[in-house]
Amino acid sequence: MQDLLPLGGVIRKLWIGEADKYRDHLLRLDPESRHSRFGGGVADDFVRNYVEVTISLEAVVHGFFVDGVMRGAAELRQLGIHSPGQAEAAMSVEKPWQSHGVGSALLRRTLLAARNRGFRHLHMACLANNRRMQQLARKFDAELSFDFGSVVGEVESMRANPLSLMQELIADHHGFATAILDLQSRLLRA
Ligand SMILES: CC(C)(COP(=O)(O)OP(=O)(O)OC[C@H]1O[C@@H](n2cnc3c(N)ncnc32)[C@H](O)[C@@H]1OP(=O)(O)O)[C@@H](O)C(=O)NCCC(=O)NCCS
């Protein structure tokens, strides 16, 4: 599953021990994007705590990396033990990389991961004025239902099958290989 990504970027899962990359990415979001991502203005400490909780909940986080720096992220986490088959997704792309297809590529990867984990319903909460996120969700056939000023996009995912499992495996393998090559070339340049 290859997406055309800007500036030689690569999408791969976040590895154990890389929480700081996710935290730094979220802290770098411009105020407007941070507001849209968290549904309101939040302080740096909130973002730091948020990442700690996310990692402890074993969320699946896909990152968009350019030169080893995380510039975009999509998070997938189970809604709770009382909601089997339901998960929520949240996304962020740093301003200079927005509107280049990164969000679409991240969401496509997240939907595949959701499908392979048996999540049939994916919830995406975003502010009512967040047209771009709504457009993005619509691209993946989200049904949008309005609720108290925020929009909850619901995507129904297909059942996992051997092909979808294989697609995720290949994407992970490709992400790992690209990251190693990227690291090597940056070490050589240093
Ligand atoms: C929402 C967000 C993740 C989308 O990522 P992105 O990389 O900009 O998205 P894409 O480039 O893949 O564009 C997705 C769709 O949005 C729409 N879009 C893109 N740029 C747009 C713009 N400037 N204005 C309005 N709609 C736009 C298009 O329909 C596009 O699909 P298309 O290119 O096939 O026509 C990103 O803008 C972001 O991080 N915003 C701040 C945080 C946020 O809002 N998160 C969502 C809440 S969880």
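The model is a predicted one, in which local features need pLDDT of at least 70 and side-chain atom pairs count only at pLDDT 80 or more, while totals for chains, interfaces and linings use all residues. Residues are numbered from 1 along each chain as its sequence is written, and side-chain values use heavy atoms, with hydrogens and water left out.

We begin with strand 4 (86-93), where helices (H or I, at least four residues) and strands (E, at least two) are DSSP runs numbered from the N terminus. Six of the eight residues of strand 4 are buried, and buried here means under 20% relative accessible area, while exposed means over 50% and partly exposed lies in between, with a 1.4 Å probe and protein chains only. Strand 4 runs antiparallel to strand 3, to which seven bridges join it, and two strands are said to pair if DSSP finds at least two bridges between them. Across this pairing, Leu 76 stands opposite Ala 89 in strand 4. Strand 4 is also joined to strand 5 by three bridges, this time in a parallel arrangement, and here Glu 88 stands opposite His 123 in strand 5.

The next topic is the nonpolar core, a set of buried Ala, Val, Leu, Ile, Met, Phe, Trp, Tyr and Cys residues joined through side-chain atoms within 4.5 Å. The largest such core has 29 residues, and those that touch the most other members are Phe 64, Leu 76, Met 91, Leu 106, Leu 107, Leu 122 and Met 124. Among the elements that give two or more residues to this core are strand 3, strand 4 and strand 5, but helix 4 gives the most, with seven residues.

We turn now to the open spaces. The largest pocket holds about 690 Å³ of space, where a pocket is an open set of points, on a 1 Å grid over the protein atoms alone, at which a 1.4 Å probe fits, with protein on both sides within 12 Å along at least five of seven lines, and lining residues have an atom within 4 Å of a point. Grid points are joined across faces, edges and corners, and the volume is the space filled by probe spheres set on the points. The lining of the largest pocket has 29 residues, and Gln 98, Asn 130, Arg 132, Met 133 and Leu 136 are the closest to its centre. Helix 5 supplies the largest share of this lining, six residues. The second largest pocket, with a volume of about 350 Å³, is lined by 15 residues, and here the largest share, four residues, comes from helix 4.

Most residues other than glycine have a negative phi. Glu 58, however, has a positive phi near 55 degrees; this residue sits in the loop between helix 3 (44-56) and strand 2 (60-66) and is exposed, with a relative accessible area of 69%. Asp 67 likewise has a positive phi, near 50 degrees, and lies in the loop between strand 2 and strand 3 (69-78), where its 47% relative accessibility makes it partly exposed.
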